[in-house]
Amino acid sequence: MIRKLIGSSGLILFSSSLFAEPIQLNMTPGVTAISQDVFGLHMTILYICIAIGMAVFGAMFWSIFHHRKSKGAVAASFHESTKVEIIWTLIPFIILIAMAIPATKTLLAMEEPSKSDLTIQITGSQWKWHYRYFDQDVEFYSHLATSAAQIENLRPKRANYLLEVDYPLVVPIDKKIRFLITSQDVIHSWWVPAFAVKKDANPGFINEAWTRIDKPGIYRGQCAELCGKDHGFMPIVVIAKTQVEYDQWLQQTQASQRLAREQEQQLLAMTMTMDELMVLGEKTYNNRCAMCHQASGEGIPGAFPALAAQGVSIDPQRRIEHIKIVVHGNTGTAMQAFGPQLSLKELAAVITYERNAWGNNTGETVQAADIQAIKNGQ
């Protein structure tokens with residue numbers, strides 16, 4: 001029976017079909033000098049541990065075999081030996097020092113973000129990342145781009161399922177990039193394995209990390225700290241470009257964000273129809289709000305309040321309060337501030353939608369000017 005089991009296990013392990021694609025069991029070397037140092041350190045420690053294991057188990061099995069009872073071996077009787085105790089204390093000490101020296105050098109290098117060429121602030125929130133480029137007048141939110149249809153198995157899953165975003169972080173190669181990492185609500189963790197960067201994003205604190213990418217490419221990661229119900233839908237995508245390509249992207253992004261701000265100011269004098277607001281509001285709600293309050297507006301009891309047929313969304317006397325909650329968030333709850341995340345048009349549309357969808361039918365509209373007035377503290 002045991003022989004059959006061993007034979008079948010070997011057949012599975014060495015089956016040609018199993019090795020049609022390589023199995024990645026080890027760490028990846030990464031694309032930065034630090035990541036390769038970490039990989040080298042990992043392999044060095046692994047080889048040391050293997051050597052120790054072989055020596056210890058080799059000595060143990062040799063002793064068991066050569067001092068077995070069938071050969072007439074008799075256990076020796078002796079008391080403590082100062083010499084032996086010094087030897088078995090000194091050898092592990094030397095091994096630990098040999099391991100600590102390269103580990104300390106690598107750790108010190110990982111924690112040295114000074115003299116950077118570019119600084120980017122990374123803020124985690126449930127469940128997205130916000131990136132702000134210091135001194136560049138560029139900032140944006142990065143959301144999961146995998147469609148709900150793929151998640152619900154209504155469409156085939158793409159190659160980068162749950163690892164694709166609408167707005168990736170774009171950085172230049174051959175530049176030292178400093179990251180300032182924090183959080184808006186709970187603890188997140190910004191992790192890109194190819195860079196050997198993994199830092200917790202703690203609310204109220206700023207952690208530092210850095211990288212210098214050697215070659216252009218697309219590098220993916222995700223939140224590595226359990227941060228709530230949609231923790232698995234919080235990917236990271238970094239696109240590394242040459243300096244020329246990065247400068248072109250930066251100029252285009254700066255121009256598009258300036259244009260968006262100008263268009264928002266023009267909206268203040270405009271009045272959108274109910275139909276326009278409801279169409280845009282439904283789209284915005286499904287993209288940003290449905291994950292908590294559900295597409296039906298029924299919420300999740302005990303976690304996220306319902307909006308359908310109850311609460312601020314149906315009370316005409318609480319219209320301003322409704323706008324303030326969406327724009328500024330609700331302190332002490334999971335409701336975050338969407339004022340910095342959505343345009344005036346999107347904010348007006350989604351609040352209008354919440355007040356008129358699912359049979360709420362208040363008949364009230366919210367315009368961009370109403371949102372701007374709340375932002376200005378009026």
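Predicted model: local features only at pLDDT ≥ 70, side-chain atom pairs only at ≥ 80, totals over all residues.
Colleague: Where does UniProt place the copper A domain?

Modeller: The unreviewed entry puts "domain: Cytochrome oxidase subunit II copper A binding" at residues 115-252. UniProt positions are in the numbering used here, feature names are shortened, and annotations may be inferred rather than shown by experiment. That span is 10% helix and 43% strand, with its end C-alpha atoms 27 Å apart. Helices (H or I, at least four residues) and strands (E, at least two) are DSSP runs, numbered from the N terminus.

Colleague: And which residues does the "transmembrane region" annotation cover?

Modeller: Residues 44-65 and 86-104, again from the unreviewed UniProt entry. Residues 44-65 are 100% helix and 0% strand, with end C-alpha atoms 31 Å apart. Residues 86-104 are also 100% helix and 0% strand, and there the ends are 26 Å apart.

Colleague: OK, sheets. What's the order in the one with β4?

Modeller: It's an open sheet of five strands, β4-β10-β9-β6-β7, with mixed pairing. Two strands pair if DSSP finds at least two bridges between them. The edges are β4 (169-172) and β7 (197-201); each has a single partner strand, so one side of each has no neighbour in the sheet. Neighbouring strands are turned by 25 degrees against each other on average, direction ignored. Axes are lines fitted to C-alpha atoms, for helices over the stretch in contact, and angles run from 0 to 180 degrees between N-to-C directions.

Colleague: How many bridges join β6 to β7?

Modeller: Five, and the two strands run antiparallel, with β6 at residues 188-192. W191 stands opposite K198 in β7.

Colleague: Are the faces of β4 covered or open?

Modeller: Both are covered: L169 and V171 on one side, V170 and P172 on the other, all buried. Buried means under 20% relative accessible area, exposed over 50%, partly exposed in between (1.4 Å probe, protein chains only). As a general point, side chains in a regular strand alternate between the two faces of the sheet.

Colleague: Which helix packs on that sheet?

Modeller: Helix α5 (residues 243-267), which touches β4 and β10 (235-241), where contact means heavy atoms within 4.5 Å. The direction of α5 makes about 135 degrees with that of β4. α5 also lies across β1 (118-125), β2 (128-133) and β3, running at about 85 degrees to β3.

Colleague: What's the strand order in the sheet with β3?

Modeller: β3-β2-β1-β5-β8, an open sheet of five strands with mixed pairing. β3 (138-142) and β8 are the edges, each with a single partner strand, so one side of each is left without a neighbour in the sheet. The twist averages 20 degrees from one strand to the next. β5 (residues 177-183) and β8 run antiparallel and are joined by five bridges; R178 has W210 as its bridge partner in β8.

Colleague: Is T211 buried or exposed?

Modeller: T211 is buried, because its relative accessible area is 1%. T211 lies in strand β8 (residues 207-211). Leaving out residues up to four places away in sequence, T211 touches T32, K175, K176, I177, F179, F195 and V197.

Colleague: Switching topic: what lines the second largest pocket?

Modeller: It's lined by 15 residues, with I34, M110, A196, V197 and W210 nearest its centre. α2 (33-66), β7 and β8 each supply at least two lining residues. The space in the pocket is about 160 Å³. On a 1 Å grid over the protein atoms alone, where a 1.4 Å probe fits, a pocket is an open set with protein on both sides within 12 Å along at least five of seven lines, and lining residues have an atom within 4 Å of a point. Grid points are joined across faces, edges and corners, and the volume is the space filled by probe spheres set on the points.

Colleague: Last one: where is R155?

Modeller: R155 is in the loop between α4 (148-151) and β4. R155 counts as exposed because its relative accessibility is 56%.

Key: Residues numbered from 1 in each chain as written. Heavy atoms only, no water.
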